[in-house]
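Me: I have a structure open and would like to go through it. Can we take it piece by piece?

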Amino acid sequence: MVFIYIISLSFFEIYSKKLNFSQIAVDNCRDESFLPDGGNVKLIGRYIIKEGVTWLVQSGAAIEFYLKAKNSEIILSGDNSVIYQAPDQRPRYAIYINEDLLIDETMGELEKSLALFSSEKDNEYKIKVILLSEAMNGGIGIKEIKVNSCSNEEKVIKPSEKKSLTIEYIGDSITCSYGIESKSQSEPFQTTTENFSLSYAFLSAKILNADYSGVCYSGSGIIADAAGNAGNLMPKHYTKANAFSFPDEWDFEKNINDIVVINLGTNDYNYVRADNKREDVFIQEYTNFLGLIREKNPNAIIVCTIGLMGCEYMFPLIEKAIMLFGDPKVRSFLIPAQNPEDGIGAQYHPNAVSHQKASIIVADKLKEFIEEINN
């Protein structure tokens, strides 16, 4: 009996040591918190960092990063739009894990916590948080990224890789992807049917393996907005991160564009067509806008287009503005109008099928202009 006791005691001592080794591994696991800034995440599109919160403030604005951890949660913030706007008018956002959609919803709270993943051991995950709706309906804030990790690596978070090409898309409701997921043209505007990830802008950048930035407001124009007045004009808005809710000046020196695509003039159409004397005003103001674009993007290729919702009448005026501006790195092309047989989105806007078709045309034209100018 004594012999058996000694063996048992020895076994207990050995087993205890194993337990201790396991405990050391557990103790190596740690909780950490990260700010969503440029050192930890890739910043895509237009954003504002205020008091440690990174606000995504334009269509398609996003953060993207890698995490190596056991589990993680993200703390999001909402702006005043979540209080004063109806549920179907609030900012819409999505979160992707390893390219798979985790969540797609509108922001209804001033702050909320969302679990990103949970596993028994460290794994690497690619995370993307993107604003799907447009600037006029508010932004999404990322306040904090929390992780629990057992990794021996010094830093468990890192930004995703920057692409070699960055394209900025300037436009109106078409570029915002207004009504892209609507079932018919009779539906009203809702952020719940506005999805920048289905837009010609997002998709053409994806085809070209480019980073992107969206600067777009529904109803905006060069000399007149959709209501026929001068309240919502892109030349007034362009230098702001978000002209309505985050009117901070945008830092062009830190956010360099290789190509700038301008898709404006659709909302000017009725105003200009009503009085042909306004044609010269449009041409001059478009020329002035090209000057502003060139000032802020000194080395970029500038591409001017229109046509997805018709209004081909405006294209020759755009071409005259380009001739007047006289810049060798400015090009133009006309996007074919949407085909009603493909379906129509809200308020006669192009749907996802029309945007997908347009994205191929836009990508081909941009590639052509890049080769033409750089060779």
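Predicted model: local features only at pLDDT ≥ 70, side-chain atom pairs only at ≥ 80, totals over all residues.

Me: Fine. How many helices and strands are there in the chain?

Reply: The chain has nine helices and 17 strands. Its C-alpha trace spans about 110 × 50 × 40 Å along the principal axes.

Me: What share of the residues is buried?

Reply: Of the 375 residues, 53% are buried. The chain exposes about 17,300 Å², and 53% of that area comes from carbon and sulfur atoms.

Me: And the charges, how many positive and negative side chains?

Reply: There are 36 positive and 51 negative side chains, and the centres of the two sets lie 3 Å apart.

Me: Let's look at H4. Is helix H4 enclosed or open?

Reply: Helix H4, residues 200-207, is largely enclosed by the rest of the structure, because six of its eight residues are buried. Those are Tyr200, Ala201, Phe202, Leu203, Ser204 and Ala205.

Me: Which other residues have a positive phi?

Reply: Glu51 and Asn98 are among them, each at about 50 degrees and neither a glycine. Glu51 is in the loop between strands S3 (47-50) and S4 (53-56), and at 85% relative accessibility it counts as exposed. Asn98 is in the loop between S6 (92-97) and S7; Asn98 is partly exposed, at 38%.

Me: Salt bridges next. How many are there in the whole structure?

Reply: A search finds 16. One of them joins Lys42 and Asp211, with the closest N and O atoms 2.7 Å apart. Lys42 is in strand S2 and Asp211 in strand S12, so this pair ties together parts that are 169 residues apart in sequence.

Me: Is that pair buried or exposed?

Reply: Lys42 and Asp211 are both buried.

Me: Which strands does the Lys143 to Glu111 bridge link?

Reply: That salt bridge has its closest N and O atoms 3.0 Å apart. It links Lys143 in S9 (140-149) with Glu111 in S8, 32 residues apart. Lys143 is partly exposed at 33% relative accessible area, and Glu111 is partly exposed at 42%.

Me: What about Lys365 and Glu368?

Reply: Their side chains meet in a salt bridge at 3.7 Å, N to O. The two sit three residues apart in helix H9, so about one helical turn separates them. In general, an α-helix has 3.6 residues a turn, so residues three or four places apart point the same way. Lys365 is partly exposed at 27%, as is Glu368 at 36%.

Me: Which residues form a salt-bridge network?

Reply: Arg92, Asp104 and Glu181 are linked in one.

Me: Last topic, the surface. Which residues make the nonpolar patch of about 370 Å²?

Reply: Ile83, Tyr84 and Leu110 make that patch. Leu110 is in the loop between S7 (100-106) and S8 (111-131), and is partly exposed at 48%.

Me: And Ser81, where does it lie and what does it touch?

Reply: Ser81 is in helix H2, residues 81-84. It counts as buried because its relative accessibility is 10%. Leaving out residues up to four places away in sequence, Ser81 touches Arg90, Pro91, Asn137 and Gly138.

Conventions: Residues numbered from 1 in each chain as written. Heavy atoms only, no water. Patch = residues over 30% accessible without salt bridge, like charges linked within 9 Å, V, L, I, M, F, W, Y side chains within 5 Å. Areas by Shrake-Rupley, 256 points an atom, 1.4 Å probe, with all protein chains shown as cover. Salt bridge = Lys/Arg side-chain N within 4 Å of Asp/Glu carboxyl O. Helix = DSSP H or I, 4+ residues; strand = E, 2+ residues; numbered from the N terminus. Buried < 20%, exposed > 50% of the residue type's maximum accessible area, 1.4 Å probe, protein only. Lys, Arg positive; Asp, Glu negative; His and termini not counted. Charge placed at Lys NZ, Arg CZ, Asp CG, Glu CD. Contact = heavy atoms within 4.5 Å.
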